[in-house]
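Work through the exercises below with the model open. Each task is followed by a stepwise solution.

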Amino acid sequence: MAILITGIAGFIGSFAAKSLLERGEEIVGIDNLNDYYDPELKKKRLAELKKLKNGKLHFFPIDFSDGALLNNTLEKCDFDRIIHLGAQAGVRYSLINPQIYGDSNLIGHLNILELARHRKVRHMIYASSSSVYGNRSTLPFKVDSQPDYPASLYAATKRAGEMLSESYAYLYRIPLTGLRFFTVYGIWGRPDMAMWIFTKKILQKQPIMLFNNGEMQRDFTYIDDAVSGLIAALDNPPQDNNKIKSGGSLNPHNLYNIGNHHPENLKYLVELLEEACGCHAIKELRPMQAGDVSTTYADIETSKRDLGFYPKITLDIGVGRFVEWFRHYITHS
C-alpha cells in the first residue's frame, strides 16, 4: 500500500519522497504550497520528484489543518503508513504570526493523528524538533529527558505534538515515532535558514548578522543523513509490548534525535562558507534574539541502537555541496 507524506514539497519531505520513490514505493503527497517562503522553490522540488521513473506519485495541494478537506480529498486513497512532515516552521516567525502555528502544528497534527486512527495505519512518523529542548536541558540533549521549558512558541507546539501523539499511542495503540531533527541543511534547503541566508549575502557582499555575538553552536545535520534516519525509523515501528521505548514511553511511541552528535560554532560555519564562496563575509555581531537557544547537541545513542543511524556527512563536505548547488540554482532561477 501507499505511504502518505504531508509537506511533500518541503525540504525534508521532498527528499523523503525521493528516497521512497526510488525504492519503488507508491506515495500520496499533500502540501498547501504556502508563501512562508518562495512557493516556486516548493514547485521545483515537486517537479524534480515527477522526473523520477520508479514508484508512483499522487499529489494534492491541500492544507491538512482543514480536517474536512483532508478527509474528503484522501477518501479514495489507500495508504497504510504516514510520514507527517508538514508544519509551520521557524522560531522567529512564531513571534510574528502565532496563530498559524496553532492551526498547522496543533490542529493540523491532531487531524493527522485522527486520520491515522481511523485508517488504522501500521506506523506514523512525525517531525518534531531539537527546539523542544529549550535552554534548560543538559548537554547533549537526551530523548528520555523531559524538555518542558520551550524558549519559543514554535518549540511549544512541537512539544505539544509529542504529547498529543503519546496520548494517541496510549488510547488507540497506534505505532508512532517522533523525530527531533537538528538543524537539517543541504541542497534544495530552506531560504529562511542560516545556510541559505549567509551564502546569499556573502556572495552579494552584504552583511550577515551573527546573533549572541556569534557565540552559537548548532548540531548541523546534512539532508541525506536526516532522511536515512527517517527511512530507518519508518521501517522499524515501535512494538506494543509494554517495554520502555526510546524517549521513555511504555506505549508504542518512539522518540529519536536525528542529529550529527557534533555541535559546530557559528563562526566556523561562516569560515567554511567564506572558503566555499571564495570571498569574505561582512559580519555584524548582534545580541541573542528572543526564542533562540545558544546550543543544540544531539545524543543519538538510541538512534544508533535501534535504527543503525550513523551520520556520515561532515559540515565541511555539506557546506561545499550546498554552495555549489546554490550557485547553480540562483543562476538558473
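**Exercise 1: the sheet**

Task: find the residue that Arg81 stands opposite in β5.

Solution. Arg81 stands opposite His123 in β5. This is a predicted model, where local features need pLDDT of at least 70, side-chain atom pairs count only at pLDDT 80 or more, and totals for chains, interfaces and linings use all residues. Residues are numbered from 1 along each chain as its sequence is written, and side-chain values use heavy atoms, without hydrogens and water.

Step 1. β4 (residues 79-84) and β5 (residues 123-129) pair in the parallel sense over four bridges. Pairing needs at least two DSSP bridges between two strands. Strands are DSSP runs of E, at least two residues; helices are runs of H or I, at least four.

Step 2. Axes are lines fitted to C-alpha atoms, for helices over the stretch in contact, with angles from 0 to 180 degrees between N-to-C directions.

Task: give the strand order of the open sheet.

Solution. Seven strands run β3-β2-β1-β4-β5-β6-β11, with parallel pairing. β3 (56-60) and β11 (253-258) each have a single partner strand, so one side of each lacks a neighbour in the sheet. Neighbouring strands are turned by 20 degrees on average, direction ignored.

**Exercise 2: a lining**

Task: which element gives the largest share of the lining of the second largest pocket?

Solution. α1 does, with five residues.
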